[in-house]
Amino acid sequence: MGPALMDGRLVVVNEVPGYDPDTGFDPAERAQTWVELTDKARHDGFSGIRVVGDMGWAAEPGIDHDLLVEYESGLSPLFAEIGFTAICEYDRRKFDDGLLDRIRLAHPKRALRHLGALDVARTGTELRIAGDIDLATREEFDSALAHALAGPDRPRMLDLSELCFMDVHGASTLVRLAGRLPCDHLLTVHCRPEQDKVIRLCGAAEVPQLVLGEG
């Protein structure tokens with residue numbers, strides 16, 4: 001860490017861009033700060049910038065949560081344009097679940113709670129499952145998938161592309177539950193080659209409701 005601090009590769013910033021306890025939150029100022037920092041990094045010879053930010057300030061009184069969500073929603077296209085990567089750290093103890101759900105939808109990626117965890121998210125007709133499907137998360141996975149496929153608003157797409165691991169039990173559960181779907185309901189599974197192979201070995205070809213696609 002010492003050499004990185006010395007040559008400017010690592011910078012610790014105590015200020016909170018775009019937020020002042022007296023004047024509140026200014027999303028335009030905060031976004032502009034990231035643009036300026038990225039420009040400076042490139043001027044200094046770096047290819048870009050990565051930021052890890054503590055979002056605890058957003059739990060302070062007076063912060064407009066609608067404005068916060070609007071700001072977060074606009075970050076992805078901005079960051080893609082300027083080549084900027086960021087992790088926004090929200091302490092689950094400080095924010096209610098409703099706000100955190102809105103924040104999650106604003107971000108294309110989410111960090112897992114811990115290594116080996118399972119993350120299940122529903123957006124429209126797509127169900128996304130990331131992390132590990134193994135003995136430790138088996139019950140959580142079985143319950144989440146069974147609940148999603150049993151209701152009238154069943155997902156049409158199952159995105160497993162961000163799974164780190166999927167065991168035979170998880171693949172067998174998917175094939176079994178897909179086989180219970182109405183004949184006219186197709187479930188397209190978006191997955192990596194390793195998951196595709198396991199699911200096929202567990203009998204996917206015998207379930208016409210299941211459509212596999214690597215991605």
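1. Surface first: the chain exposes about 12,900 Å², and carbon and sulfur atoms supply 54% of that area. Accessible areas come from the Shrake-Rupley method with a 1.4 Å probe, and for residues only the protein chains shown count as cover.

2. A word on the source. This is a predicted model, in which local features need pLDDT of at least 70 and side-chain atom pairs count only at pLDDT 80 or more, while totals for chains, interfaces and linings use all residues. Residues are numbered from 1 along each chain as its sequence is written, and side-chain values use heavy atoms, with hydrogens and water left out.

3. Overall layout: the chain has eight helices and 10 strands (DSSP runs numbered from the N terminus, helices being H or I of at least four residues and strands E of at least two). The C-alpha trace spans about 60 × 40 × 30 Å along its principal axes. Of the 215 residues, 39% are buried (under 20% relative accessible area, with a 1.4 Å probe and protein chains only).

4. The largest nonpolar core has 26 residues, and those touching the most other members are Ile-129, Leu-158, Leu-160, Leu-174, Val-189, Ile-199 and Leu-210. Such a core is a set of buried Ala, Val, Leu, Ile, Met, Phe, Trp, Tyr and Cys residues joined through side-chain atoms within 4.5 Å. Helix H7 gives the most to this core, with five residues. Apart from it lies another core, of 25 residues, among them Ala-58, Leu-78, Phe-95 and Ile-103.

5. Do take a look at Ile-199. Leaving aside neighbours within four places in sequence, Ile-199 is in contact with residues including Leu-160, Met-166, Leu-174, Val-189 and Leu-212 (contact means heavy atoms within 4.5 Å).

6. What is buried in H7? Gly-170, Ala-171, Thr-173, Leu-174, Val-175, Leu-177 and Ala-178 are its buried residues.

Technical notes. Buried < 20%, exposed > 50% of the residue type's maximum accessible area, 1.4 Å probe, protein only.
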